[in-house]
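These are my notebook entries on a single chain. I set out to look up its fold, its core and a few individual residues.

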Amino acid sequence: MKRGRAIVVMGVSGCGKTSVAEGLAASLGYSFLEGDQLHPQANIDKMSKGIPLTDADRWPWLERIGERMRDAAASGQGIVVSCSALKRTYRDRLRSGAETGLSFVFLSGSRALLLARMGERRGHFMPASLLDSQLAALEDPSGEPGVVTVDIDAPVADVIAASLRQLSVLWGQDR
(Lines give C-alpha, C1' and ligand atoms only; values in the text may rest on other atoms or scores of the structure.)
Protein backbone atom coordinates (compact mmCIF):
# COMPACT_ATOMS: atom_id res chain seq x y z
CA MET A 1 0.00 0.00 0.00
CA LYS A 2 1.18 3.49 -0.85
CA ARG A 3 3.44 5.31 1.64
CA GLY A 4 2.57 8.77 2.89
CA ARG A 5 -1.12 8.08 3.26
CA ALA A 6 -3.12 9.39 6.19
CA ILE A 7 -6.01 7.49 7.74
CA VAL A 8 -8.40 8.75 10.41
CA VAL A 9 -10.22 6.05 12.36
CA MET A 10 -13.38 7.81 13.46
CA GLY A 11 -16.60 7.36 15.38
CA VAL A 12 -18.16 8.07 18.73
CA SER A 13 -16.59 7.22 22.04
CA GLY A 14 -16.47 3.50 22.78
CA CYS A 15 -16.36 2.34 19.15
CA GLY A 16 -12.76 1.11 19.38
CA LYS A 17 -10.93 3.89 17.53
CA THR A 18 -7.66 3.45 19.41
CA SER A 19 -7.53 -0.34 19.16
CA VAL A 20 -8.42 -0.38 15.47
CA ALA A 21 -6.09 2.53 14.63
CA GLU A 22 -3.18 0.85 16.43
CA GLY A 23 -3.90 -2.39 14.57
CA LEU A 24 -4.09 -0.65 11.20
CA ALA A 25 -0.85 1.25 11.86
CA ALA A 26 0.96 -1.95 12.81
CA SER A 27 -0.40 -3.83 9.78
CA LEU A 28 0.55 -1.06 7.35
CA GLY A 29 3.86 -0.06 8.92
CA TYR A 30 2.49 3.44 9.56
CA SER A 31 2.89 5.58 12.66
CA PHE A 32 -0.01 5.85 15.10
CA LEU A 33 -1.32 9.02 16.73
CA GLU A 34 -3.91 9.00 19.51
CA GLY A 35 -5.85 12.14 18.59
CA ASP A 36 -7.10 12.60 22.15
CA GLN A 37 -3.51 13.28 23.24
CA LEU A 38 -3.62 16.53 21.28
CA HIS A 39 -6.63 17.91 23.15
CA PRO A 40 -5.77 20.95 25.24
CA GLN A 41 -6.18 20.34 28.98
CA ALA A 42 -9.24 22.61 29.04
CA ASN A 43 -11.05 20.22 26.65
CA ILE A 44 -10.12 17.17 28.74
CA ASP A 45 -11.28 18.93 31.91
CA LYS A 46 -14.57 19.83 30.26
CA MET A 47 -15.24 16.28 29.02
CA SER A 48 -14.19 14.79 32.38
CA LYS A 49 -16.96 16.87 33.96
CA GLY A 50 -19.49 15.52 31.45
CA ILE A 51 -19.65 18.77 29.46
CA PRO A 52 -19.76 18.28 25.68
CA LEU A 53 -17.21 20.20 23.62
CA THR A 54 -18.33 22.99 21.32
CA ASP A 55 -17.09 23.54 17.78
CA ALA A 56 -14.90 26.36 19.11
CA ASP A 57 -13.30 23.89 21.55
CA ARG A 58 -12.56 21.48 18.72
CA TRP A 59 -11.03 23.75 16.05
CA PRO A 60 -7.53 24.09 17.61
CA TRP A 61 -7.50 20.33 18.31
CA LEU A 62 -8.41 19.51 14.72
CA GLU A 63 -5.73 21.93 13.49
CA ARG A 64 -3.11 20.09 15.57
CA ILE A 65 -4.17 16.75 14.13
CA GLY A 66 -4.05 18.17 10.60
CA GLU A 67 -0.52 19.46 11.22
CA ARG A 68 0.65 16.04 12.38
CA MET A 69 -0.82 14.35 9.31
CA ARG A 70 0.74 16.96 7.03
CA ASP A 71 4.15 16.50 8.70
CA ALA A 72 3.94 12.72 8.33
CA ALA A 73 3.03 12.99 4.64
CA ALA A 74 5.86 15.48 4.03
CA SER A 75 8.33 12.96 5.43
CA GLY A 76 6.85 10.15 3.31
CA GLN A 77 5.50 8.33 6.37
CA GLY A 78 1.98 6.94 6.53
CA ILE A 79 0.01 7.78 9.66
CA VAL A 80 -3.13 6.43 11.32
CA VAL A 81 -4.95 8.78 13.69
CA SER A 82 -7.77 8.05 16.09
CA CYS A 83 -10.17 11.01 16.10
CA SER A 84 -13.93 11.20 16.59
CA ALA A 85 -14.42 13.50 13.52
CA LEU A 86 -18.14 13.51 14.23
CA LYS A 87 -19.24 16.29 11.87
CA ARG A 88 -18.61 16.80 8.17
CA THR A 89 -17.09 20.20 8.95
CA TYR A 90 -14.56 18.47 11.23
CA ARG A 91 -13.70 15.95 8.52
CA ASP A 92 -13.37 18.73 5.97
CA ARG A 93 -11.05 20.60 8.34
CA LEU A 94 -8.94 17.44 8.68
CA ARG A 95 -8.92 16.95 4.89
CA SER A 96 -7.74 20.52 4.43
CA GLY A 97 -5.15 20.26 7.21
CA ALA A 98 -3.70 16.98 6.02
CA GLU A 99 -2.91 18.34 2.55
CA THR A 100 -2.65 14.76 1.30
CA GLY A 101 -4.91 11.89 0.37
CA LEU A 102 -6.90 11.29 3.54
CA SER A 103 -9.05 8.23 4.15
CA PHE A 104 -11.54 7.72 6.96
CA VAL A 105 -12.51 4.44 8.59
CA PHE A 106 -15.90 5.02 10.22
CA LEU A 107 -16.51 2.54 13.05
CA SER A 108 -20.24 2.04 13.31
CA GLY A 109 -22.18 0.26 16.05
CA SER A 110 -25.42 0.29 17.99
CA ARG A 111 -25.94 2.53 21.02
CA ALA A 112 -26.32 -0.55 23.24
CA LEU A 113 -22.98 -1.99 22.12
CA LEU A 114 -21.22 1.37 22.50
CA LEU A 115 -22.65 1.90 25.99
CA ALA A 116 -21.59 -1.59 27.07
CA ARG A 117 -18.05 -0.97 25.82
CA MET A 118 -17.83 2.40 27.55
CA GLY A 119 -18.99 0.82 30.79
CA GLU A 120 -16.19 -1.76 30.63
CA ARG A 121 -13.24 0.59 30.16
CA ARG A 122 -11.32 2.12 33.02
CA GLY A 123 -9.28 5.29 33.31
CA HIS A 124 -10.71 7.09 30.29
CA PHE A 125 -11.69 10.76 30.70
CA MET A 126 -14.84 10.41 28.55
CA PRO A 127 -17.82 9.38 30.70
CA ALA A 128 -20.58 7.18 29.27
CA SER A 129 -22.98 10.06 29.98
CA LEU A 130 -21.60 11.88 26.91
CA LEU A 131 -22.42 9.07 24.47
CA ASP A 132 -25.85 10.44 23.60
CA SER A 133 -24.45 13.91 22.87
CA GLN A 134 -21.86 12.31 20.59
CA LEU A 135 -24.50 10.25 18.79
CA ALA A 136 -26.61 13.40 18.36
CA ALA A 137 -23.61 15.30 16.92
CA LEU A 138 -22.55 12.46 14.58
CA GLU A 139 -23.14 13.20 10.92
CA ASP A 140 -22.90 9.83 9.18
CA PRO A 141 -19.97 10.04 6.75
CA SER A 142 -21.13 7.15 4.56
CA GLY A 143 -21.04 8.26 0.96
CA GLU A 144 -18.41 10.96 1.47
CA PRO A 145 -15.30 10.51 -0.67
CA GLY A 146 -12.51 8.54 0.96
CA VAL A 147 -14.72 6.97 3.64
CA VAL A 148 -15.20 3.30 4.44
CA THR A 149 -17.72 2.12 7.04
CA VAL A 150 -16.96 -0.89 9.23
CA ASP A 151 -19.37 -2.55 11.68
CA ILE A 152 -17.80 -2.95 15.14
CA ASP A 153 -19.93 -5.88 16.29
CA ALA A 154 -17.01 -8.30 15.87
CA PRO A 155 -13.68 -9.03 17.54
CA VAL A 156 -11.11 -6.23 17.08
CA ALA A 157 -8.92 -8.39 14.81
CA ASP A 158 -11.92 -8.88 12.49
CA VAL A 159 -12.71 -5.16 12.49
CA ILE A 160 -9.08 -4.39 11.59
CA ALA A 161 -9.13 -7.01 8.80
CA ALA A 162 -12.41 -5.61 7.41
CA SER A 163 -10.95 -2.10 7.54
CA LEU A 164 -7.84 -3.21 5.62
CA ARG A 165 -9.96 -4.94 2.97
CA GLN A 166 -12.19 -1.91 2.47
CA LEU A 167 -9.23 0.50 2.37
CA SER A 168 -7.55 -1.70 -0.20
CA VAL A 169 -10.62 -1.48 -2.43
CA LEU A 170 -10.88 2.28 -1.86
CA TRP A 171 -7.21 2.84 -2.67
CA GLY A 172 -7.49 0.65 -5.75
CA GLN A 173 -9.97 3.23 -7.04
CA ASP A 174 -7.46 6.02 -6.20
CA ARG A 175 -4.97 5.32 -8.97
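The entries below go from the whole chain to the sheet, the helices, the core and single residues.

**Entry 1. The chain as a whole.** I noted at the outset that this is a predicted model. I counted seven helices and five strands in the chain. Read from the N terminus, I found the elements in the order β-α-β-α-α-β-α-β-α-α-β-α. I then looked up burial and found that 46% of the 175 residues are buried. For contacts with a separation of 6 or more, I found that 76% join residues 24 or more positions apart.

**Entry 2. The sheet.** In what order do the five strands of the open sheet lie? I read the order as S2-S3-S1-S4-S5, with parallel pairing. S2 and S5 are the edge strands, and each pairs on one side only. I recorded an average twist of 20° from one strand to the next.

I went through several of the pairings in turn. S2 and S3 run parallel and are joined by four bridges; Ser-31 stands opposite Ile-79 of S3. S1 pairs with S3, also in the parallel sense, over four bridges, and I noted Val-81 in S3 as the bridge partner of Val-8. On the pairing of S1 with S4, I found five bridges between parallel strands. There, Met-10 has Phe-106 of S4 as its bridge partner.

**Entry 3. Strand S1.** I asked which residues of S1 lie on each side and are buried. Ala-6, Val-8 and Met-10 are on one side, Ile-7 and Val-9 are on the other, and all are buried. In a regular strand, side chains alternate between the two faces of the sheet. Five of the five residues of S1 are buried, and I recorded the strand as mostly covered.

**Entry 4. Helix H1.** I checked the length of H1, which has 12 residues. From first to last C-alpha it reaches 16 Å, close to the 16 Å expected at 1.5 Å a residue. Its buried residues are Lys-17, Val-20, Ala-21, Gly-23, Leu-24, Ala-25 and Leu-28. I found these buried residues packed against S1, S2, S3, S4 and H7. Gly-29 follows H1 and has a positive phi, near 75°.

**Entry 5. Helices H3 and H4.** I looked up which strands these helices cross. H3 lies across S1, S2, S3 and S4, and runs at about 170° to S3. H4 lies across S1, S4 and S5, at about 150° to S4.

In H4, I listed Tyr-90, Arg-91, Leu-94, Arg-95, Gly-97 and Ala-98 as buried. The buried residues of H4 pack against S1, H3, S4 and S5. Just after H4, I noted a positive phi of about 55° at Glu-99.

**Entry 6. The largest nonpolar core.** Which of the 47 residues in this core touch the most other members? I found them to be Met-69 and Leu-94. At least two core residues come from each of S1, H1, H3, S3, H4, S4, S5 and H7. H7 supplies the largest share, seven residues.

I then traced the contacts of Leu-94, leaving aside neighbours within four places in sequence. Leu-94 is in contact with Val-8, Leu-62, Ile-65, Gly-66, Met-69, Cys-83, Ala-85, Leu-102 and Phe-104.

**Entry 7. Gly-146.** I located Gly-146 in the loop between H6 and S5. Is this residue buried or exposed? I recorded Gly-146 as buried because its relative accessible area is 18%, under the 20% cut-off. Not counting residues up to four places away in sequence, Gly-146 touches Leu-102, Ser-103, Phe-104 and Leu-170. Ser-103 is 43 residues away along the chain, yet I found 4.7 Å between its C-alpha atom and that of Gly-146.

**Entry 8. Cysteines.** I searched for disulfides and found zero in the structure. I looked up two cysteines for burial. Cys-15 counts as buried because its relative accessibility is 1%. Cys-83 also counts as buried, at 1% relative accessibility, and I had already met Cys-83 among the contacts of Leu-94.

Terms used
Residues numbered from 1 in each chain as written. Predicted model: local features only at pLDDT ≥ 70, side-chain atom pairs only at ≥ 80, totals over all residues. Heavy atoms only, no water. Core = buried A, V, L, I, M, F, W, Y, C linked by side-chain atoms within 4.5 Å. Buried < 20%, exposed > 50% of the residue type's maximum accessible area, 1.4 Å probe, protein only. Contact = heavy atoms within 4.5 Å. Expected span 1.5 Å × (residues − 1). Pairing = 2+ DSSP bridges. Axes fitted to C-alpha atoms, helices over the stretch in contact; angles between N-to-C directions. Disulfide = S-S within 2.5 Å.
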